[in-house]
Amino acid sequence: MKDKTKMLQERFDTELQRERQHMEEHIRFETQKFEAKEEAIVFKSRELEAEVDRLQKEIAHYVRDSAYQQEELKRMRIELEDEHKLREGVENQSRERTNQITADYETLMNCVKEESSRREKNQLEQYQFKEKTYAKELEALQQKLKAAEAEYQTLTG
């Protein structure tokens with residue numbers, strides 16, 4: 001019986017040893033499989049981290065670009081508003097200047113008309129004065145002529 005027990009024990013030990021080797025191989029295989037998966041996960045994780053970094057940089061670039069474009073749009077809007085105000089100011093100033101020139105022209109033309117009218121009146125008065133003066137001188141000369149004729153008549157007589 002001892003032999004049988006020993007034999008059973010040896011068979012059990014051999015079977016156990018084989019089972020242990022099989023389990024160790026299975027564990028080694030599963031460990032290698034797990035390590036390969038772990039490496040794949042680490043590799044994929046690094047790829048994803050790199051992709052996240054690239055996307056973050058791209059997003060930061062777009063954010064900077066967007067902020068720059070918004071600032072550029074604000075600047076352009078301000079320039080357009082300033083240009084519009086300037087144009088309105090120039091138009092108003094031009095309109096005011098045109099109105100002022102028109103008013104000055106009308107005032108000048110009124111002054112010219114008044115001056116022309118005054119000169120004509122003065123000239124008319126001067127002509128009338130000269131006419132009266134010439135008329136008096138003519139009358140005086142006619143009287144001298146009559147007196148001279150009368151004297152001639154008396155002398156020739």
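How many residues apart are Glu-71 and Lys-74 in helix H1, and what does that spacing amount to? Three residues, so about one helical turn separates them. Keep in mind that this is a predicted model. The side chains of Glu-71 and Lys-74 meet in a salt bridge, 3.7 Å from N to O. Lys-74 is partly exposed, at 42% relative accessibility.

Salt bridges with shared partners also build a network: Glu-51, Arg-54 and Glu-58 are joined into one. Take Arg-54 and Glu-58. Their closest N and O atoms are 2.8 Å apart. They sit four residues apart in helix H1, so again about one helical turn lies between them. Arg-54 is partly exposed at 40%, and Glu-58 is partly exposed at 30%.

Next pair. Lys-33 bridges to Glu-30, with the closest N and O atoms 3.6 Å apart. These two are three residues apart in helix H1, about one helical turn. Lys-33 has 36% relative accessibility, partly exposed. Glu-30 has 31%, also partly exposed. Across the whole structure, the search finds 11 salt bridges.

Now the nonpolar side. Leu-55, Ile-59 and Val-63 make a nonpolar surface patch of about 260 Å². Ile-59 belongs to helix H1. Is Ile-59 buried or exposed? Exposed, because its relative accessibility is 52% and the cut-off is over 50%.

Last, a sense of distance. Glu-38 is in helix H1, which covers residues 2-156. Glu-38 is partly exposed, at 41%. From Glu-38 to Gln-69 is 31 residues in sequence and 45 Å in space, C-alpha to C-alpha.

Key
Residues are numbered from 1 along each chain as its sequence is written. This is a predicted model: local features need pLDDT of at least 70, side-chain atom pairs count only at pLDDT 80 or more; totals for chains, interfaces and linings use all residues. Side-chain values use heavy atoms; hydrogens and water are left out. Buried means under 20% relative accessible area, exposed over 50%, partly exposed in between (1.4 Å probe, protein chains only). Patches are made of residues with over 30% relative accessible area and no salt bridge: like charges are joined within 9 Å, nonpolar side chains (Val, Leu, Ile, Met, Phe, Trp, Tyr) within 5 Å. Accessible areas come from the Shrake-Rupley method with a 1.4 Å probe; for residues, only the protein chains shown count as cover. A salt bridge is a side-chain nitrogen of Lys or Arg within 4 Å of a carboxyl oxygen of Asp or Glu.
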